[in-house]
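Me: Could you help me read the features of a protein model? I would like the general idea first and then the case at hand.

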Amino acid sequence: MGNTIRALVAFIPADCCQNYVVRDLREMPVDKMVDLSGTQLRHFPGHVCSFRELVKLYLSDNHLNSLPPELGQLQNLQILALDFNNFKALPQVVCTLKQLCILYLGNNKLCDLPSELSLLQNLRTLWVEANCLTQLPEVVCELSLLKTLHAGSNSLRLLPGQLQHLRELRTIWLSGNLLTDFPPVLLHMPFLEVIDVDRNSIRYFPSLAHLSSLKLVIYDHNPCRNAPKVAKGVRRVGRWAEETPEPDPRKARRYALAREESQEGEGLVLPPLLLPPNS
């Protein structure tokens, strides 16, 4: 959908807007993609379920809190974006879409995920950031092909030990949670390439030098007194990351105070924001 139409929908009442936006969706799109992001949808347009060959469905940034059972007809769907909506629970029908590879659930009101999520054995990427999770649902540990997990901006205090069973997992984003200790399970996952624990409450970092696949660790904005030790060539983002060898605790403390003073008023350095593609 073009930017012009996206701008216009802000001035159209919700029900009229929905009718206007979906009225042209009467035939299967040639590119097998439907993008209804940011169109003020309150109800999913049911006739989209007749597009049996649909591969990508983007419903981001709407007002949805439910999906019809007929969505299960889209058995070829590989990408589903439900982020920035009003879901308090994941609709069960999503768990029947067994070809899903990428599922965006961020910025909703989810407190848990259903056990049926384990049926999505083709899932490679799962986004659950900015929800109401106080613990990582154990069902996530059953997604054997998962490569990327975004679980930042929740209220996680620890991670389940079963997470180490995800031997395909390469990237885990845990920024903005309530971790007070570096999650021990991550120390048993040598296949991880990216670990992001930015903006937590971790005071001490164990050595990560044995994580042979690690390429990047982001640990900034923690009240830590040390930087995680890593193998040669691994990039660190956080206090003392540019110093080799790592300073002793007394020097590190003085360095941290000086660095905070010098950075006062500057913008925060965050990892790049990854958004669902528009095509």
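This is a predicted model: local features need pLDDT of at least 70, side-chain atom pairs count only at pLDDT 80 or more; totals for chains, interfaces and linings use all residues.

Me: Which residues do ring pairs link into a cluster?

Reply: Residues are numbered from 1 along each chain as its sequence is written, and side-chain values use heavy atoms, leaving out hydrogens and water. Rings of Phe, Tyr and Trp (its six-membered ring) pair if their centres lie within 6.5 Å; planes under 30 degrees apart count as stacked, over 60 as edge-to-face and the rest as tilted. Here the cluster consists of Phe182, Phe205 and Tyr219.

Me: Why is the pair of Phe205 and Tyr219 edge-to-face?

Reply: Their ring centres are 5.4 Å apart and the planes stand at 65 degrees, so the pair is edge-to-face.

Me: Is Phe205 buried or exposed?

Reply: Buried means under 20% relative accessible area, exposed over 50%, partly exposed in between (1.4 Å probe, protein chains only). Phe205 has 1% relative accessibility, so it counts as buried. Tyr219, at 0%, counts as buried too.

Me: In what order do the strands form the sheet?

Reply: Strands of a sheet pair through backbone hydrogen bonds, either parallel or antiparallel. Strands (E, at least two residues) are DSSP runs, numbered from the N terminus, and two of them pair if DSSP finds at least two bridges between them. Here 10 strands form an open sheet in the order 1-2-3-4-5-6-7-8-9-10, with parallel pairing. Strand 1 (33–35) and strand 10 stand at the edges with a single partner strand each, so one side of each lacks a neighbour in the sheet.

Notes. Helices (H or I, at least four residues) and strands (E, at least two) are DSSP runs, numbered from the N terminus.
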